[in-house]
Amino acid sequence: MEPSTQKLIHTFGALADLGQEIAGRGDFSEMVRTSMHLLLGTLALRRGAVAECVDEGAIRCVSVWGVGDQIFTDFSISEAEKQEFLTRNVSDFLVSTSASATAFVSRYRERLLEEGIELVLPMIVRDEVTGVVLLGRKASGEEVSPDDFETIRAMVRHIGVGIHTHRLLEQVAQRAEENRRLYEELRTIYSATVRAFAAAIDTKDKYTHGHSERVGRYSEIIARELGWSEAEVEGIQIAGYLHDVGKLVVDRDIINAPYNINAKESSELNRHPAAGYEILAPINHPYADIPLMAKYHHERLDGRGYPDGLVDEQIPIGAKIVSLADSFDAMTTDRPYRRRRSFEDVVRDLRENSGKQFDPKVVAAFARALLKEVNGQIKERRITKMLGKDYLQGENVPTLLSDLITDLTGAGSEVRSYK
Amino acid sequence: MDNTNGSLVRSHCVGTTAVVYASDYLNKLTGEKIERECRRQLDGGCHALVIDFSDTKLVNSIGISILLGIIDVAEKSGARIAFSEVNTQTVQLFEMLGLTRHVVLAKDEREALLVLTGFETTPIVH
C-alpha cells in the first residue's frame with residue numbers, strides 16, 4: 001500500500017472515531033482525553049494538552065498527555081489575544097516562529113518550549129475562542145506539513161465543538177434540575193397552602209375539626225390501593241382537602257346547627273358541592289378534575305345524590321373516592337348530637353350502601369388498605385392512627401373486613417337498576 | 001513472572017527485560033491496559049521492554065498515541081524498547097509515523113530479547 005494511501009486511511013479512521021467519541025454521551029473528561037489521543041495518534045505527536053477558557057480570561061486544563069498537568073498553571077488569555085487567534089494564520093501558532101507568533105504564544109514561549117510544545121491552536125466555536133490545544137513534536141522528527149495543519153485544524157475544530165456541546169448539555173441538565181427543584185418547591189407550597197385552606201374550611205364547622213385533612217388522607221390511601229399513579233394520588237388528596245370548600249358560602253348557623261335542619265336549611269347546605277365547583281373551577285390546578293370531585297362528592301350510584309342526581313358511570317371515580325372518604329369520616333367521628341358509630345356498624349353501613357351510595361370497588365379497596373394495616377402487612381398505620389388507637393379493638397375486625405371484601409368483589413353487578 | 005490477572009495483559013520477565021503481549025486490536029481499552037502493564041514493569045525495575053505484536057492485526061490512532069506514551073516513559077527512565085512480530089501493514093504505519101525511530105523492530109520475541117539484552121532465551125509458549 002502506498003504510504004499516502006495508508007496515511008489517508010489512518011486519518012479517516014481517526015476522524016470517524018473522533019466523531020463517534022464527540023457524539024457520545026460519556027464522561028466529559030474521558031471524551032476530551034480520548035479525542036486528544038486520537039489527534040496525537042493521527043500524526044504521531046508525542047505530547048499534547050487541552051484546556052478550555054473559563055471566566056475572566058482564565059484557562060482550565062482538561063487533559064494532558066506527555067506533559068505535566070501543571071502546564072496551564074497561571075496561564076490566562078485576554079480578549080485581545082482571543083481576537084488575534086481568530087485572524088491569524090495557522091503558521092503563527094508555531095511556538096518556534098518568534099517573528100510572527102501571536103501575543104499569547106510569545107507570552108508563554110519559554111514555558112511551552114520547556115514542555116516540548118511546538119504548536120498552540122485555538123479551539124474556535126461560532127467565531128469564539130473556547131479553549132486552546134497544545135501539541136508537541138511529531139515522532140518522525142519532521143516539521144508539521146500544510147496537510148498536517150489541515151488535519152490538526154479539522155480535528156481541533158471537532159474537539160472544540162465536542163467540548164462546547166458537552167458544556168451546553170451540562171447547562172441544560174443543570175437548568176432542568178433547577179426547574180425540577182423549583183417545581184418540587186411549588187408543589188410543596190401548593191400542598192401546604194391547600195392544607196392550610198382545608199383547616200380554614202373546617203374552622204367554619206365547629207364539629208368537624210380536621211375533617212378535610214382526614215378526607216384527603218383517606219382518599220389518597222384508597223387511590224393508592226386502586227393502583228393510581230403518584231400524580232393522580234396527589235391530585236385526589238388535594239381534592240379531598242378541598243371537597244368542602246363550598247361550605248364557605250353557606251351560613252355558619254346552618255352548618256353548626258345542633259339539631260335536625262329543616263328543608264330550606266338543608267337545601268342551603270346542599271348548595272356547597274356546586275358552590276365548591278364554582279370556587280375551584282377558575283383555578284389552574286396542577287392536577288386534573290379537582291373541581292368536579294368537589295362538585296360530585298355527594299352524588300350516589302343510585303341517582304339519589306346531589307347536586308345533579310348522576311348515576312354510577314356518570315360520576316367521576318375521584319368523586320366516588322372522596323364520597324366514601326367523606327362518609328367514612330362522618331361515621332367514625334363524634335358529633336355533639338351523637339357518638340361515632342362502632343366499627344361493626346360502619347362496616348354494615350358500607351356493605352348495605354355499596355352499589356347504592358358507594359362504588360363497591362372503592363369500598364373494597366378501602367377495606368383492603370385497612371385490612372393490610374390491621375394484619376400488619378404494612379408498617380405505617382395511617383388509617384388506624386386517624387381512627388384512634390381504641391377504635392379498632394376486637395378480634396373480629398380482620399374478619400369483618402375480609403367478609404366485606406369477599407362480598408363486594410362478587411356483588412358489584414347486583415345493584416344496578418337506578419332511576 | 002506471568003501476569004494474567006486483573007489487567008488481562010499477558011507479560012513475563014526475562015532478567016530485567018519485560019515482555020508484554022499486545023492483543024488483536026490495539027485501541028483505547030487494550031492500549032491503556034498495555035500502558036499500565038509497561039509502567040508497572042518499569043516501576044518494578046525493568047530496564048528494557050519488549051512489546052510483542054504477534055496477535056495484533058490492527059493499531060488505531062489511540063493505539064499509536066498510547067505507544068508513544070510508553071516510548072516516552074521508557075525513554076525517561078532510560079529503558080530500551082523493542083517491538084516484536086509486527087505485521088507488515090503495522091510496520092508500514094509505524095515507519096510512516098516515525099515510531100521506528102524510537103524503537104527496535106525485531107522479527108520475533110527471541111530476536112528482540114537478543115537485541116536488547118544480548119543473550120538467548122528458551123522459546124516461550126503463550
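In chain A, strand β1 (residues 48-53) and strand β4 (residues 128-136) run antiparallel and are joined by 5 bridges. The model described here is predicted. Within chain A, Glu52(A) stands opposite Gly131(A), a residue of β4(A). Strands of a sheet pair through backbone hydrogen bonds, in either a parallel or an antiparallel manner.

The β1 and β4 strands belong to an open sheet of 4 strands in chain A, with the order β2-β1-β4-β3 and antiparallel pairing. The edges of this sheet are formed by β2 (59-65) and β3 (117-125) of chain A, each of which pairs on one side only. From one strand to the next, the twist averages 20 degrees. Helix α5 of chain A, which spans residues 146-204, lies across β1, β3 and β4 of chain A. The direction of α5 is at about 50 degrees to β3(A).

Chain A also takes part in a contact with chain B, to which chain A gives 22 residues and chain B gives 19 residues. On the side of chain B that touches chain A, the elements giving two or more residues are α2 (61-76) and α3 (88-97) of chain B. Helix α2(B) supplies the largest share of that side, with 9 residues. By residue class, the side of chain B that touches chain A comprises 8 nonpolar, 8 polar and 3 charged residues.

Key. Residues are numbered from 1 along each chain as its sequence is written. Chains are lettered from A and ligands numbered from 1 in the order in which they are written. This is a predicted model: local features need pLDDT of at least 70, side-chain atom pairs count only at pLDDT 80 or more; totals for chains, interfaces and linings use all residues. Two residues are in contact if their C-beta atoms, placed from the backbone, lie within 7 Å. Ala, Val, Leu, Ile, Met, Phe, Trp, Tyr, Cys and Pro count as nonpolar, Asp, Glu, Lys and Arg as charged, and the others, Gly among them, as polar. Two strands pair if DSSP finds at least two bridges between them. Axes are lines fitted to C-alpha atoms, for helices over the stretch in contact, and angles run from 0 to 180 degrees between N-to-C directions.
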